[in-house]
Amino acid sequence: MTMLEKLGLAALHRLDPERAHDLSIRALSLGLVPLSGPVTSDRLAVRMAGLDLPNPIGLAAGYDKNARAVAALMRAGFGFVELGAATPRPQSGNPKPRLFRLSDQKAIINRFGFNNDGAETIAARMAARPAGIPVGLNIGANKDSADRAADFAQVVRVAGHTADFLTVNVSSPNTEKLRDLQGADALAALLAGVIAARDALPIRKPVFVKIAPDLDDAGIADIAAVAREVGVDGIIATNTTLSRDGLDPQWRDQAGGLSGAPLFERSTRVLARLYRETGGDVPLIGVGGIASAEQAWQKLRAGASAVQIYSALIYHGFSLAARIAHELDDRLTRDRITLPELTGSGVADWT
């Protein structure tokens, strides 16, 4: 991390977390943040679910909900970027304050509640992005919708043509009863509607589903079975957690989803279990608590074909993606192993 980046992070951490979040997006969109540019090599390049990724380090959804800085994020060293979540209609989300830094534990709690500018506006911004790395869209439902399953398909119809992949978000803890859609029957029906809407697009887009880290083994098995049955292209494991295990007492009653360092072990165990349930036949993306190349390596060993980061950027800056990619490249060379060989090689350590 450069001195300029350290100073920038220190300044942002003196501000309210949501204001700092918004300012960082504005700085990116104005070209004020130094960016590494593309990072790739023969060892890092990976093909997953029909997508060609220059490296397996992605940006998770939730940072740039409204595609305000997509062109800059495409130059930040990531192999792919996920925007959103987008809902059919704009909505303001939950009341503020709704974002909290747990600096001592390198974590955050958020309860944004799918605040976004709506699918039409987000689609227009995504359509204007330059060519480059794959950019996906996380899709959700409006809080006051009478038919939330239909909302997901509607976002696909409105914005799906502008994305390189689509992620069905049924795992956010910040929209009441949204996680009920992870049940086998509800999820199968929802995904069938999304895939039907996807199949009507001019170009086929991979459809992923993002799951919670708080599922038990039976829930994980149900999702694996549904994924195979309906033909999703991949599963993202995981979203934020409602668990407060190990947190300082001051944060235990704070509502919202917890992400960052405390999520690493829980999310990696879910990932490994999911890999076992799918037999390695469904591409998995590992998310949760990654802040180093070693942690990215462990997610890959647990079954991921690619990984995503977000919360760690708050504490380590945007140079983190490129640092992880370069260090991963060096280790692949040193250990004489390819990414496909690495994926799933350590599942037994996590199950």
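Biologist: Which residues do ring pairs link into a cluster?

Modeller: This is a predicted model, and in it the cluster that ring pairs build consists of Tyr63, Tyr310 and Phe318. The count of aromatic pairs comes to six.

Biologist: How is the pair of Tyr63 and Phe318 arranged, and what are the distance of the ring centres and the angle of the planes?

Modeller: A pair of aromatic rings is described by how far apart the centres lie and by the angle of the planes. For Tyr63 and Phe318 the centres are 5.4 Å apart and the planes stand at 65 degrees, so the pair is edge-to-face. Because Tyr63 lies in the loop between β3 and α3, while Phe318 lies in the loop between α10 and α11, the pair ties together parts that are 255 residues apart in sequence. Both Tyr63 and Phe318 are buried.

The rings of Phe165 and Phe208 have centres 5.3 Å apart and planes at 35 degrees, so this pair is tilted. Phe165 belongs to strand β8 and Phe208 to strand β9, so the pair ties together parts that are 43 residues apart in sequence. Both Phe165 and Phe208 are buried.

Biologist: How many of the residues of helix α9 are buried, and which elements do the buried residues pack against?

Modeller: Helix α9, residues 293–301, is mostly covered, with seven of its nine residues buried. Among them are Trp297 and Leu300, but also Gln298, Lys299 and Arg301. The buried residues of α9 pack against β3, α8, β12, β13, α11 and α12. After α9 comes Gly303, whose phi is positive, near 130 degrees.

Biologist: At what angle do helices α5 and α6 pack, and how far apart are their axes?

Modeller: Two packed helices are described by the angle between their axes together with the distance between the axes. Helix α5, residues 148–159, and helix α6, residues 184–199, pack at an angle of about 15 degrees, with their axes 8 Å apart. Angles under 35 degrees count as roughly parallel, and α5 and α6 are therefore roughly parallel to each other. The crossing in which α5 passes α6 is right-handed.

Biologist: Which residues of α5 meet which residues of α6?

Modeller: From α5, Ala149, Phe152, Ala153, Val156 and Arg157 meet Leu190, Gly193, Val194, Ala197 and Arg198 of α6. The residues of this contact divide into seven nonpolar, one polar and two charged.

Conventions:
Residues are numbered from 1 along each chain as its sequence is written. This is a predicted model: local features need pLDDT of at least 70, side-chain atom pairs count only at pLDDT 80 or more; totals for chains, interfaces and linings use all residues. Side-chain values use heavy atoms; hydrogens and water are left out. Axes are lines fitted to C-alpha atoms, for helices over the stretch in contact, and angles run from 0 to 180 degrees between N-to-C directions. Helices (H or I, at least four residues) and strands (E, at least two) are DSSP runs, numbered from the N terminus. Angles under 35 degrees count as roughly parallel, over 145 as roughly antiparallel, 65 to 115 as roughly perpendicular and the rest as oblique. A crossing is left-handed if the near helix is turned anticlockwise from the far one by less than a right angle, and right-handed if clockwise. Contact means heavy atoms within 4.5 Å. Ala, Val, Leu, Ile, Met, Phe, Trp, Tyr, Cys and Pro count as nonpolar, Asp, Glu, Lys and Arg as charged, and the others, Gly among them, as polar. Buried means under 20% relative accessible area, exposed over 50%, partly exposed in between (1.4 Å probe, protein chains only). Rings of Phe, Tyr and Trp (its six-membered ring) pair if their centres lie within 6.5 Å; planes under 30 degrees apart count as stacked, over 60 as edge-to-face and the rest as tilted.
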